[in-house]
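Please keep the sequence and the structure in view while reading.

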Amino acid sequence: GDLSPWANYLAQAELALPADNAWVTTARDARAKLVSDFAAHRDLTKVPAMRQALEKLKKDYIAAYIGLHTKARLGVSEDKAKAGLTKDVRLVSLNRLATIDLMPSGQLTEFQDRMAGLKSCYQLTEGELATSPVCPHCQFRPVNETLGFASAANQLSTLDSKLDELLAGWTQTLLDNLDDPIIQGNLELLKAADHKQIETFIASKSLPEPLTAEFIAAVRDALSGLTKEIVKVADIQAALLAGGSPTTPDELKARFDKFIAERTRGKDASKLRFIVE
């Protein structure tokens, strides 16, 4: 009864951390030793020493939890940076480009999911954790989250760089498709203003600023003769592994050729564009 406040707190704390966390191992070992010693001796004079040991475990937990919380959550400055990233002109451009059928929009969805997964919390104090083993503001439980190798702040920086990578890749995708002979023929059918916009883009290799609805509509019209075929990486992997592994180079090539033949059957291959997601 005397030790129950510490015992209850530590039991809840243990459930909040992954089973392989160093503190969990220490807490289990300490609990086993305390129970064993008390059961063996039933010496109430040892209760203060036991209480002291449990209090140390609690302080160590608070330190460990705050470290994980700091890693998994964005602070004040990072929260402002995330808010700025959601309104970034590059992201606005990608969202507009995603309305063009041939764009690999799955990449943008993945980016937005990763950004949404970065949560902000900067109110937690040690005093609050002394009362409850879980943050009262964001209910952070490390056992339920995948922290990965990078902190939330570092992941935010990575996402910022990812925006540049996506925009550059999508720009090149547009340039490559607009350079197709079939599409070049389509350009002549566009209105003069639309034709000029696309020719300017091809010549400069840079998207217009701002990225207008008129430009998006012109590109969409120019690429309208092409057909998008979405291919999942898992589909390609399954096709290459069909028949077992390891395999010879010729057999692997035959499997891939068969996969492509199946996905293009009944379609005009010259107008087909694969989007790998």
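## A charge over a ring

In this predicted model, the charged end of Lys58 sits over the ring of Tyr9, at 4.5 Å from the centre of that ring. Tyr9 also belongs to an aromatic cluster, which it forms with Trp23, Tyr61, Tyr65 and Phe140.

## Aromatic pairs

The aromatic pairs number six. One of them joins Tyr9 and Tyr61 in an edge-to-face arrangement, with 6.0 Å between the centres and 85 degrees between the planes. This pair links distant parts of the chain, since Tyr9 lies in helix α1 (residues 4-16) and Tyr61 in helix α3 (residues 47-72), 52 residues apart. Both Tyr9 and Tyr61 are buried.

Another aromatic pair, that of Phe256 and Phe259, is tilted, with 6.4 Å from centre to centre and 35 degrees between the planes. These two residues are three places apart in helix α13, so that about one helical turn separates Phe256 from Phe259.

## Thr264 and its surroundings

Helix α13, which spans residues 249-264, also holds Thr264. With a relative accessible area of 17%, Thr264 falls under the 20% limit and is therefore buried. Its side chain reaches the backbone oxygen of Ile260 at 2.8 Å. When the neighbours within four places in sequence are left aside, Thr264 is in contact with Leu272 and Phe274.

Thr86 has its place in helix α4 (residues 76-86), where its side chain reaches the backbone oxygen of Ala83 at 2.6 Å. At 40% relative accessibility, Thr86 counts as partly exposed. Not counting residues up to four places away in sequence, Thr86 touches Leu91 and Met115; for Thr86 and Met115, a separation of 29 residues in sequence goes with a C-alpha to C-alpha distance of 8.5 Å.

Val35 is found in helix α2, which covers residues 22-41. The relative accessible area of Val35 is 53%, which is over the 50% limit, and this residue is therefore exposed. Between Val35 and Met50, which are 15 residues apart in sequence, the C-alpha atoms are 9.8 Å apart in space.

## Overall form

How many helices and strands does the protein have? There are 13 helices and four strands. The radius of gyration is 29 Å, well over the 19 Å that the globule rule gives for 277 residues, so the protein is more spread out than a compact globule. Taken along the principal axes, the box filled by the C-alpha atoms is roughly 95 × 50 × 20 Å.

Buried residues make up 33% of the 277 residues, and the protein exposes about 16,100 Å², of which carbon and sulfur atoms supply 55%. Among the contacts with a separation of 6 or more, 75% are accounted for by residues 24 or more positions apart.

Notes. Residues are numbered from 1 along each chain as its sequence is written. This is a predicted model: local features need pLDDT of at least 70, side-chain atom pairs count only at pLDDT 80 or more; totals for chains, interfaces and linings use all residues. Side-chain values use heavy atoms; hydrogens and water are left out. Buried means under 20% relative accessible area, exposed over 50%, partly exposed in between (1.4 Å probe, protein chains only). A polar contact is a pair of N or O atoms within 3.5 Å; within protein, one must be able to donate a hydrogen and the other to accept it, and residues adjacent in sequence count only if both atoms are side-chain atoms. Contact means heavy atoms within 4.5 Å. Rings of Phe, Tyr and Trp (its six-membered ring) pair if their centres lie within 6.5 Å; planes under 30 degrees apart count as stacked, over 60 as edge-to-face and the rest as tilted. A charge sits over a ring if NZ of Lys or CZ of Arg is within 6 Å of the ring centre and within 35 degrees of the ring normal. The radius of gyration is taken over C-alpha atoms; the globule rule is 2.2 Å times the number of residues to the power 0.38. Accessible areas come from the Shrake-Rupley method with a 1.4 Å probe; for residues, only the protein chains shown count as cover.
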